[in-house]
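Please work through the exercises below with the sequence and the model at hand. Each task is followed by a solution in steps.

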Amino acid sequence: MKEQEEIFDVLKKQLGEDSVEFMKGDVGQPWFQFPANRIKEIAKFLRDAAELRFNTLMCLSGVHYAKEEELGVTYHVHSTTLGHSMAFKVRVPIDRPNVPSVESIWKTADWHEREAMDMLGVMFDDHPNLKRILTPEDWEGHPLRKDYEPQEFYQGMPTTS
Amino acid sequence: MIEEKIIDTGKDTREMVINMGPQHPSTHGVLRLELTLDGEMVKKCRPSIGYLHRCFEKYAESVEDYAKVIPYTDRMDYVSAMNQEHGYVIALERLLEVEVPERVEYMRVIVAELQRIASHLLGIGTFGLDLGAFTPFLYCFTEREKILSIFEKATGARLLYNYMAVGGLMRDIPEDFKSDTADFVKTFRPKIKELNDLLSYNKIFIDRTAHIGIVPKEVALNYAASGPVLRGSGVEWDLRKNDPYSIYDRFDFEIPVGKGEVGTLGDCWDRYIVRVREMEQSLYIIEQALDGMPDEGDVKEGIPKRIRPKEGEIYVRTETPRGELGYYIISDKGASPYRVKARAPSFVHLSMLPAISKGALIADMVAIVGSIDIVLGEVDR
């Protein structure tokens, strides 16, 4: 089991000082921030490195940072063999919201990435089946964005009463 | 209801695409499985969800108060509402750094474990029903009814309770709660044996569930399966022990795991029997909690008047009857959460279905869906 600071040291050594940031709010849990384009390589390292072994992806959530005009993806991973957890994030501009998919590394990401695409419009590159999951396939817009306006009609039916 | 499409491949065998659901008795809600069949064999399965989507996450962002999300969490997994609330209030308590009174903690554990039994009874009963065993379903519901009566006395509701509050409980604990619960524990224990005789070791039931829908350990871990699905594959993993929350570290109990007793490790029967054995363990926990629960104490005094966490974020996971329920909450110092994401166990387990149903017979699909015990309210949120 490793503390967050120890994980930070391992990551700095592997990825270089520039590619990892360690952040924390006033309350709650800390997280790491990585550049989006390296996320697949980093995810593979997190899963396979002998001192980390993050073999399960507990949760993958999309977030809309309206003020910064950015979309974020937060990954929560846990190691069932070593017993430690960590959270990490990537942030991408809203007009080019491309994040490499980690579906090939953790299968949980398959549906969670589809959900994040559906709800927030994060586009996961190399995802095998990136289709809407909770809303119908021909739905317009991404409901969890802060500036979302629901469409008035869906296939001729009014959406508000 | 069933739409058939025959694809001519020019060979003697022809594939057929058939929709199971959205209105199908074994889907326990509105779920559509698009099955590509070769004769009776499933070649491909594509679950289609979203029929029950009620915008939980959007709603949580738009309320004017964190506490107003609690009744909505009930409606995610509506057969284990207590466990859904428990996770959410724990997440907020950790964000606010609020101390929870002893009496409240014990009470929460007792209702959470009672809810676990009630939920497993429903899961087991309907699982039997799907496979043609009607009587055990009635036995299960008789027992579940007793738990719901206890809840009704304590909370005023039978299904969706809105009982837990940040730092406390919404209502005082009724005087006869302890004796009612103790009575239930005493009468319920022999019923588990009855259920085993009636269903678990019934030859027809074993024939329908053993060697069916095998989830290998590696697949379960790679998909981050949890709860009885993961334990059914032989992994000793329970968040109440592995990542203790509330006061679960004070109780002594075992984690039942599947062993492949009547079939292959990780088959439908293993997942089923884990649920039965978990009910026994829940009874042990309830007994210990009843002994330890202080008699005096105000359950409402710890509730903060205003819930306004500082800036930060948290991911809290708890063990619900279906597995790991996670809440990811981001606070931006506002009165309502900036983002709430619910990681539902049923959502994850359902995404495993294409991987575990390949090569199964269409009749066995019913057993596989029943054995992962999904609640569509939680899948779609």
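The model is predicted, so local features need pLDDT of at least 70 and side-chain atom pairs count only at pLDDT 80 or more, while totals for chains, interfaces and linings use all residues. Residues are numbered from 1 along each chain as its sequence is written, and chains are lettered from A and ligands numbered from 1 in the order in which they are written.

**Exercise 1.** Determine the strand order of the open sheet in chain A and identify its edges.

Solution. Helices (H or I, at least four residues) and strands (E, at least two) are DSSP runs, numbered from the N terminus; two strands pair if DSSP finds at least two bridges between them.
- Step 1. The order of the five strands in chain A is S1-S3-S6-S5-S4, with mixed pairing.
- Step 2. Strand S1 (21-23) and strand S4 (56-65) of chain A each have a single partner strand and therefore stand at the edges, one side of each being left without a neighbour in the sheet.
- Step 3. Within chain A, S5 (residues 70-78) and S6 (residues 85-93) are antiparallel and joined by nine bridges; one bridge links Val77(A) to Met86(A) in S6(A).

**Exercise 2.** Describe the surroundings of Arg317(B).

Solution. 
- Step 1. Arg317(B) belongs to strand S7 (residues 312-320) of chain B and is buried, with 25 other C-beta atoms within 10 Å.
- Step 2. Beyond neighbours within four places in sequence, the contacts of Arg317(B) (C-beta atoms, placed from the backbone, within 7 Å) include Met58(A), Leu239(B) and Asp243(B).
- Step 3. Leu239(B) is 78 residues from Arg317(B) in sequence, yet their C-alpha atoms are 7.9 Å apart.

**Exercise 3.** Which domains make up chain B, and how many residues does each give to their contact?

Solution. 
- Step 1. An automatic or database domain assignment supplies the bounds: domain 1 (4-48) and domain 2 (56-380) of chain B.
- Step 2. Domain 1 of chain B gives 16 residues to the contact and domain 2 of chain B gives 19 residues.

Notes: A residue is buried if 20 or more other C-beta atoms lie within 10 Å of its own, exposed if 12 or fewer, and partly exposed in between; C-beta atoms are placed from the backbone. Two residues are in contact if their C-beta atoms, placed from the backbone, lie within 7 Å.
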